[in-house]
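Here's a structure to get to know. Take a look at it first, and then we'll walk through it together.

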There are 2 protein chains.
Amino acid sequence: MLHSSPPQFIDQLETPIPLVDLDRLAHNLDRMAAYCAVHGLALRPHVKTHKSPRIAAEQLRLGARGLTCATPRELEVMAGVCPDLLLAHPPVGAAKVRRVLGLDPSARLTVALDSLEALEPLAEAADAASRPVDVYVEVDVGMRRVGVSTPADALAIARRVRALPPLAWRGIAFYPGHVRQHLSRQDEALATLRADLSAHLALLGDAGLVPDVVSGGSTPAAWRMHEVTGVTEVRPGTYVYNDRATVELGACGWEDCALTVLATVISTAVPGQAVIDAGSKALGREPLPGGADAGYGCVLDRLDVPVVRMSEEHGILDLRATDWRPRVGDVVRIVPNHACIVVHLNDVMQGVRGEVVEATWPVTARGRTMPQWATP
Amino acid sequence: MLHSSPPQFIDQLETPIPLVDLDRLAHNLDRMAAYCAVHGLALRPHVKTHKSPRIAAEQLRLGARGLTCATPRELEVMAGVCPDLLLAHPPVGAAKVRRVLGLDPSARLTVALDSLEALEPLAEAADAASRPVDVYVEVDVGMRRVGVSTPADALAIARRVRALPPLAWRGIAFYPGHVRQHLSRQDEALATLRADLSAHLALLGDAGLVPDVVSGGSTPAAWRMHEVTGVTEVRPGTYVYNDRATVELGACGWEDCALTVLATVISTAVPGQAVIDAGSKALGREPLPGGADAGYGCVLDRLDVPVVRMSEEHGILDLRATDWRPRVGDVVRIVPNHACIVVHLNDVMQGVRGEVVEATWPVTARGRTMPQWATP
């Protein structure tokens, strides 16, 4: 780590700023890697959560098979540390297709898609560029977001891919983002998922198209993917940091929340509340699953103090359930509802152990365009 | 405008990306400037909405008295175009105070605050640095966010400021962000605001402390500030772009919405909806005032098509109220609920007229820290 003169202790930092507890991060990385190793699942973490090549490199060191990305920028940054990248978001539109196919040719590129309309222009451009691209067909297993609804549709796309070299059909992908019940109440959603997946695999098998890869994902459901026959790969993202929503779902404990936002109390003028300098532009306005009035985060060591309202640069701590009376200047750590949004809202992360700032890194893969042609 | 080789037409752009309709922007800038000129109100626009020195420069060219900022980064960027800056957010904590006082000494700096706890360390540091700082005392007029609750509290802070050179007391500031009813139903909130403000001004006047400046703000309420006796200055931000929430409040029409997010349909696999590539990381998850299930934005030329659900990089268009059946590859412009969040989520804006991209500029003042000491 080279710095010119960074702050060395947390109390020297300007707020608001995201902190990453490096011990918790390491524990989270180890835990998922071990789960996948024990169950023979390939781990292809989604980088959307951290957008950082240094954390991706650590995931790969611990055994990840490759990485999952959602944007061209994420692909481009991660190509620097990984030769096997999945774009889990169909590149549609000439500009995006061109950019994706311009990825370092030494990287193996896989794309997940759910339509012939997305497939055909990609195939044409890949052919023109002589760029091999592997394809997962995205299937819906109950989330109702993207993914073909029937095995026949999946089969039709898979067959079409096989007729379009340099594209190659690798398998199917699904996203169980709807399995958002508490872990202990996921059985019904998993039963539906199993049935849908079996139907897809049966038809593909009958057609002689047994997939190499069946790729699932999402942190809360990842821990149960070994119970779903046929799944070969998982794509969790949030597990590196975890967050208040992940705790609520039972997929981690508070002690596993590695990401907090350091904030300073700036006003206590209105009774019953304290105002911090982290609002929707630092914390994000993300709901808890199923929790309408739970606020947008809570104080790490005072879980009964939620951020109950926000403006762009103000967060309102509700003090009604606590005897704690913070003063202007007090510093708190907020556990956000959703870690991935916090990372995207901020530019720089501080890696900490105890009160010491050990590392500082930019959110390298945030942003979208290559701004070299932009003018101030 | 210098570009190396930017896209020149909207259909060449990679999505998602924010577009600014330059004609609408110019109209919005003119309209607020004219309102303030007609009513003799000083205009000190809040730069949080655009975070762009080029738009700030245009606001100043049209007569703005100075600029309002919320973060040190905004102050630093705007010091390049404006010698009169208000930080409408108390700088609390040694690092932030040091950074704020390090602002270009040729700029006049004003700070709004509501406590002696925020005032004293600022005064000490300003004295040590021999840095003049003007102070507004923040008063609450009904929003219950920040601001002293009683005229006596405001007077106490104003008196203390006068005892702490190089600080200088300039006046009072309030934020009528709670005046979020439709313009036609704001009368009651404005009556309360008038009464609160009168009480403050009466006590200050009795004490011989008539404020030079009484600074109000917020786009929806700005248009009625000439009806509030004593107000000398307004600090609207959103008016440059406007958004779906501003339309809902009656403070602009759809034809005044200058900011949209260009997005591409990437999936129609699930019936009754279309999925676009703009989700919570491009549009923000901001509610409409009072509208629980109104979604997070809507299609510009199809106002009956809302973005009803989102993931980080997916937005779900609800097609139930329309006969329109978009296809994968179709491009839409989304009017976001809240323009200021969209700007903060993105890095680059495209200025357009019709289908032509005329200008490209970075969101210069987004971000917080000076990342030169960060390592990848």
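This is a predicted model: local features need pLDDT of at least 70, side-chain atom pairs count only at pLDDT 80 or more; totals for chains, interfaces and linings use all residues.

Residues are numbered from 1 along each chain as its sequence is written, while chains are lettered from A and ligands numbered from 1 in the order in which they are written.

Start with chain A, which has 11 helices and 17 strands (DSSP runs numbered from the N terminus: H or I of at least four residues for helices, E of at least two for strands). Its radius of gyration, taken over C-alpha atoms, is 22 Å, close to the 21 Å that the globule rule (2.2 Å times the number of residues to the power 0.38) gives for 376 residues, so chain A is as compact as a globular protein of that length. The C-alpha trace of chain A spans about 70 × 50 × 35 Å along its principal axes.

Now find the open sheet of 8 parallel strands in chain A, ordered β2-β9-β8-β7-β6-β5-β4-β3; strands pair if DSSP finds at least two bridges between them. β2 (42–43) and β3 (67–69) of chain A sit at the edges with a single partner strand each, so one side of each has no neighbour in the sheet.

Finally, 72 residues of chain A are in contact with 72 residues of chain B, contact meaning C-beta atoms, placed from the backbone, within 7 Å. On chain A's side, α11(A) gives the largest share, 4 residues.

Conventions
Two residues are in contact if their C-beta atoms, placed from the backbone, lie within 7 Å.
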